[in-house]
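Try each task before you read its solution.

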Amino acid sequence: MKDRLAYARTTLSPRRAAELRAEIESFHVEYCAVLDANDVERWPDFFSQEATYRVTSRQNALLNMPVGLIYCEGLDMIIDRALAVAHSQMFAPRHMLHVLGIARVLQETENTISSQTPFILMQTLVEGPSTVHLAGVYHDRFVREGERLLLASREVIHDTEILDTALAYPV
């Protein structure tokens with residue numbers, strides 16, 4: 001992972017990168033809309049059957065530590081996570097808002113597309129101010145299923161060192 005955090009040149013032509021960026025950004029628009037609408041039970045729809053999902057700190061990523069605050073391996077674990085969050089929320093009501101930067105498309109193979117997208121996740125407690133809940137970068141590997149992209153792997157590498165205790169919700 002340490003190498004993945006270092007700057008990597010894209011292997012694509014600017015034209016192809018722009019085409020793929022448009023697809024990835026369309027994916028992100030829908031992904032974030034589902035989460036921002038608190039429709040967490042639809043969150044698994046964005047992952048492939050064998051997908052992995054991990055949320056970890058930049059420090060753990062730099063040290064190649066497999067530790068993650070959240071780790072799901074396979075769609076069944078992702079579905080379990082979504083159902084647990086949707087049906088057993090033990091934290092104060094809140095609104096989440098994803099703000100994304102420009103996706104960098106790094107590589108395309110016959111079966112996958114790799115990209116990195118910076119994000120800020122804002123949180124507004126029902127009886128409080130809006131705050132930055134988490135900031136970092138999505139490290140994604142996409143696969144195609146028909147005409148749509150699905151996540152084969154999403155590693156959320158966060159820069160935020162002091163975390164809110166409510167980091168149960170998908171990022």
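**Exercise 1. Count the disulfides, then check the cysteines.**

Step 1. The structure holds 0 disulfides, a disulfide being a pair of cysteine sulfur atoms within 2.5 Å.

Step 2. Now look at burial, where buried means under 20% relative accessible area, exposed means over 50%, and partly exposed is in between (1.4 Å probe, protein chains only). Cys-32 is buried at 6% relative accessibility, and Cys-72 is buried too, at 3%.

A word on the ground rules before you go on. This is a predicted model, so local features need pLDDT of at least 70 and side-chain atom pairs count only at pLDDT 80 or more, while totals for chains, interfaces and linings use all residues. Residues are numbered from 1 along each chain as its sequence is written, and side-chain values use heavy atoms, with hydrogens and water left out.

**Exercise 2. Describe the overall fold of the chain.**

Step 1. Start with the elements: helices (H or I, at least four residues) and strands (E, at least two) are DSSP runs, numbered from the N terminus. The chain has 4 helices and 7 strands.

Step 2. Walk along the sequence and you get α-α-β-α-β-α-β-β-β-β-β.

Step 3. Check the size. The radius of gyration (taken over C-alpha atoms) is 16 Å, close to the 16 Å from the globule rule (2.2 Å times the number of residues to the power 0.38) for 171 residues, so the chain is as compact as a globular protein of that length.

Step 4. The C-alpha trace spans about 50 × 35 × 30 Å along its principal axes.

Step 5. Of the 171 residues, 43% are buried. As for contacts (heavy atoms within 4.5 Å), 62% of those with a separation of 6 or more link residues 24 or more positions apart.

**Exercise 3. Find the salt bridges and say what they connect.**

Step 1. Set the rule: a salt bridge is a side-chain nitrogen of Lys or Arg within 4 Å of a carboxyl oxygen of Asp or Glu. By that rule there are 8 salt bridges.

Step 2. Take Glu-155 and Arg-54, whose closest N and O atoms are 2.9 Å apart. Glu-155 is in strand S7 (residues 148-158) and Arg-54 is in strand S1, so this pair ties together parts that are 101 residues apart in sequence. Both residues are buried.

Step 3. Next comes Asp-140 with Arg-154, at 2.7 Å between the closest N and O atoms. Asp-140 lies in strand S6 and Arg-154 in strand S7, so the pair ties together parts that are 14 residues apart in sequence. Asp-140 is buried at 2% relative accessible area, and Arg-154 is buried at 0%.

Step 4. Salt bridges with shared partners join Arg-16, Glu-19 and Glu-108 into one network. Within it, the Arg-16 and Glu-19 side chains meet at 2.9 Å, N to O. These two are 3 residues apart in helix H2, about one helical turn. Arg-16 is partly exposed at 26%, as is Glu-19 at 39%.

**Exercise 4. Is Ser-115 buried or exposed, and what does Ser-115 touch?**

Step 1. Locate Ser-115 in strand S5 (residues 112-125).

Step 2. Ser-115 has a relative accessible area of 1%, so this residue is buried.

Step 3. Leaving out residues up to four places away in sequence, its contacts include Ile-24, Arg-104, Tyr-138, Asp-140 and Phe-142.

**Exercise 5. Which residues other than glycine have a positive phi?**

Step 1. Recall the background: most residues other than glycine have a negative phi.

Step 2. One case is Asn-38, with a phi of about 60°. Asn-38 sits in the loop between helix H2 (14-36) and strand S1 (47-57), and is partly exposed at 43% relative accessible area.

Step 3. Another is Asn-64, with a phi near 55°. Asn-64 is in the loop between helix H3 (58-62) and strand S2 (70-73), and is partly exposed at 46%.
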